[in-house]
Amino acid sequence: DNLSEALKKLKITSTDSTADSLEGCLDCLLQALAQNNMETSEKIQKSGVLQVFASLLTPQSSCTAKVANIIAEVARNEFMRNPCVDAGLIPPLVQLLNCKDQEVLLQTGRALGNICYDSHEGRNAVDHAGGAHIVVDHLRSLCSKTDPASEKLLTVFCGMLMNYSNENDTLQSQLINMGVIPTLVKLLGIHCQNAALTEMCLVAFGNLAELESSKEQFAYTNIAEELVKLFKKQIEHDKKEMIFEVLAPLAENDVIKLQLVEAGLVECLLEIVQKTVDSDKEDDIAELKTASDLMVLLLLGDESMQKLFEGGKGNVFQRVLSWIPSNSHQLQLAGALAIANFARNDGNCIHMVDNGIVQKLMDLLDRHVEDGNVTVQHAALSALRNLAIPVVNKAKMLSAGVAEAVLKFLRSEMPPVQFKLLGTLRMLIDAQAEAAEQLGKNVKLVERLVEWCEAKDHAGVMGESNRLLSALIRHSKSKDVIRTIVQSGGIKHLVTMATSEHVIMQNEALVALALIAALELVTAEKDLENAQLVQILHRLLSDDRSAPEIKYNSMVLICALIGSEPLQKEVQSMAFLEVISKLRSHENKTVAQQASLTEQRLAVES
């Protein structure tokens with residue numbers, strides 16, 4: 001009854017009433033909202049009083065703070081936010097941000113923040129009225145004040161900006177362009193003792209850190225130092241989690257990665273791993289995952305990775321090594337990924353192979369042949385693939401039995417594992433004739449490759465299978481390998497590979513096909529004919545867009561194919577001479593020379 005009375009009175013007397021009678025009505029509303037916010041808000045909306053509030057929001061009135069407080073309270077309900085915008089409350093509220101009264105500023109900030117919460121209309125209205133600009137200016141001028149009233153105001157303003165820009169790239173960019181990031185970082189440093197304000201800053205950072213443009217700004221502040229300092233003080237899991245949520249997107253930036261390493265984040269992460277590794281508490285398991293994932297992320301930057309590698313003698317590198325034999329799948333995964341990241345330059349790879357890392361990775365793979373943890377398999381294979389890149393490592397890894405360890409996963413049905421397995425074998429046999437021959441004669445392997453060459457749903461697996469087939473021939477130059485591939489039906493895939501959109505793959509296919517034609521033409525003749533190789537070569541030579549090396553290798557292949565009667569007939573029937581005589585004047589000398597040679601061969605044969 002009192003509420004209905006107060007609402008009626010407000011409507012009638014708002015224009016000419018005394019401050020006292022207004023105050024009484026407003027107090028009644030606040031009391032009712034404190035008792036039952038939702039029901040009271042519904043009554044306020046139905047009564048049409050919201051429109052009246054717009055006229056009461058004036059800097060001169062002594063009731064202004066109470067009116068703003070009521071708006072802040074009703075806007076806690078989702079259904080009230082649009083009505084507040086429609087009642088025209090945003091422009092007068094934004095005007096009030098220019099007043100000096102702290103209580104008015106506090107309640108106005110709350111009202112605007114609540115109206116913006118999850119409300120597209122609310123944010124737009126605040127944007128049009130220019131509210132964000134004024135709030136950012138307030139943050140700047142209040143930033144260094146540490147009295148309780150100022151800190152309360154700073155917390156509300158941070159919260160308001162957070163609600164204003166949440167999940168809205170345009171408004172986030174707008175705040176970044178206003179230069180809010182350095183101000184927030186400064187805030188965090190000065191007010192690190194104030195839990196509520198710190199929390200607001202962290203959520204605001206989390207909002208902004210996803211945008212690329214923000215990372216460049218963050219990189220010019222001491223955010224890394226401040227976050228690590230704050231992180232070291234945290235005991236509660238939730239607080240650590242909040243900081244992690246800011247660190248992860250920021251750590252995607254290479255400059256910030258290095259700053260975080262220099263600020264001592266790695267030591268914090270290693271400590272967390274040590275504390276949580278044997279725990280089965282849910283929070284600890286989550287923390288272990290986040291800390292080890294973040295560690296791997298820091299190693300993705302070249303500078304930060306080298307700093308932590310310290311020539312392979314670094315404490316961090318040694319600790320990461322100890323994760324690999326651990327019983328925690330999460331740590332095994334992070335350890336293998338970290339090694340894959342350390343293995344991004346030849347020097348590191350050579351050092352690691354000389355210091356026994358390969359055996360550790362093979363032991364890890366062995367543990368996952370049966371229980372098949374796909375992420376660990378994938379990570380360990382990634383590490384082995386990277387380690388196999390330097391020439392000096394290949395023979396060492398082959399004699400350590402890496403190829404055999406990798407082949408155990410041939411039966412895997414998981415495309416990511418198949419992809420890494422293929423890449424590892426391809427790296428291992430590069431220029432290793434003996435190993436290429438041994439693998440190329442492995443019927444099970446070749447049959448699986450031919451099967452994967454048809455994996456249309458997984459372009460990566462399909463491409464790698466083709467490349468490995470070609471590599472087995474190119475590096476072994478073995479008749480036995482070619483025969484195995486012919487018997488397994490691999491020829492048609494190599495011919496298709498010659499039409500790939502990637503020049504490197506086209507070229508690998510043509511070189512392999514030229515070796516087949518030179519060493520085992522009779523065996524492969526039928527398959528080459530069925531795969532329409534001659535037509536494809538005609539197309540490659542006629543196409544102006546074909547790279548010079550493609551034209552050159554296509555002609556070498558033609559010269560080899562005319563040793564077969566049926567293929568020679570095809571070549572003659574397709575007017576190759578015409579295409580090749582044009583290539584005699586090709587700008588690339590090697591192509592032009594090969595065109596002359598090919599033309600002579602074709603003329604002799606015909």
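Biologist: Which helix is His 493 in?

Modeller: His 493 sits in helix H34, which covers residues 491-497. Keep in mind that this is a predicted model.

Biologist: Buried or exposed, that His 493?

Modeller: Buried: the relative accessible area of His 493 is 7%, and the cut-off for buried is under 20%.

Biologist: What is His 493 in contact with, leaving aside its neighbours within four places in sequence?

Modeller: With those left out, His 493 contacts Val 450, Cys 453, Glu 454 and Asn 466.

Biologist: OK, now the overall fold. How many helices and strands does the chain have?

Modeller: The chain has 41 helices and 0 strands.

Biologist: What share of the 606 residues is buried?

Modeller: Buried residues are 57% of the 606 in the chain.

Biologist: What about contacts between residues at least 6 apart in sequence: what share join residues at least 24 apart?

Modeller: That share is 72% in this chain.

Biologist: Let's do helix pairs. At what angle do H8 and H11 pack?

Modeller: Helix H8 (residues 102-116) and helix H11 (residues 148-165) pack at about 20 degrees, and their axes are 8 Å apart. Angles under 35 degrees count as roughly parallel, so H8 and H11 are roughly parallel to each other. Their crossing is left-handed.

Biologist: Which residues of H8 and H11 meet?

Modeller: On the H8 side, Gln 102, Leu 105, Leu 106, Gly 109, Arg 110, Leu 112, Gly 113, Asn 114 and Cys 116 take part. From H11 they meet Ala 149, Ser 150, Lys 152, Leu 153, Val 156, Phe 157, Met 160, Asn 163 and Tyr 164. By class, the H8 contact with H11 divides into 10 nonpolar, 6 polar and 2 charged residues.

Biologist: How do H26 and H29 cross?

Modeller: The axes of helix H26 (residues 374-387) and helix H29 (residues 415-429) come within 9 Å and cross at roughly 20 degrees. That makes H26 roughly parallel to H29. H26 passes H29 in a left-handed crossing.

Biologist: And which residues make that contact of H26 and H29?

Modeller: H26 brings Val 374, Gln 377, His 378, Leu 381, Ser 382, Leu 384 and Arg 385. H29 answers with Pro 416, Val 417, Lys 420, Leu 421, Gly 423, Thr 424 and Met 427. The contact of H26 with H29 has 7 nonpolar, 5 polar and 2 charged residues.

Biologist: At what angle do H15 and H18 cross?

Modeller: Roughly 40 degrees, with the axes of helix H15 (residues 212-219) and helix H18 (residues 254-262) coming within 9 Å. H15 and H18 are therefore oblique to each other. H15 passes H18 in a left-handed crossing. The residues in contact are Lys 215, Phe 218 and Ala 219 of H15, plus Val 255, Ile 256 and Gln 259 of H18. Of these, 4 are nonpolar, 1 is polar and 1 is charged.

Biologist: What about H16, which of its residues are buried?

Modeller: In helix H16 (residues 223-233), Ile 223, Ala 224, Glu 226, Leu 227, Val 228, Leu 230 and Phe 231 are buried. Those buried residues pack against several helices, including H15 and H18. Also among them are helix H13 (180-190), helix H14 (195-209), helix H17 (237-250) and helix H19 (265-276).

Biologist: Last one: where is Val 52?

Modeller: Val 52 is in helix H4 (residues 49-56). Its relative accessibility is 12%, so Val 52 counts as buried. The C-alpha atoms of Val 52 and Leu 10 are separated by 7.9 Å, and these two are 42 residues apart along the chain.

Definitions and conventions: Residues numbered from 1 in each chain as written. Predicted model: local features only at pLDDT ≥ 70, side-chain atom pairs only at ≥ 80, totals over all residues. Heavy atoms only, no water. Axes fitted to C-alpha atoms, helices over the stretch in contact; angles between N-to-C directions. Helix = DSSP H or I, 4+ residues; strand = E, 2+ residues; numbered from the N terminus. Parallel < 35°, antiparallel > 145°, perpendicular 65-115°, else oblique. Left-handed = near helix turned anticlockwise from the far one by under 90°. Contact = heavy atoms within 4.5 Å. Nonpolar A, V, L, I, M, F, W, Y, C, P; charged D, E, K, R; others polar. Buried < 20%, exposed > 50% of the residue type's maximum accessible area, 1.4 Å probe, protein only.
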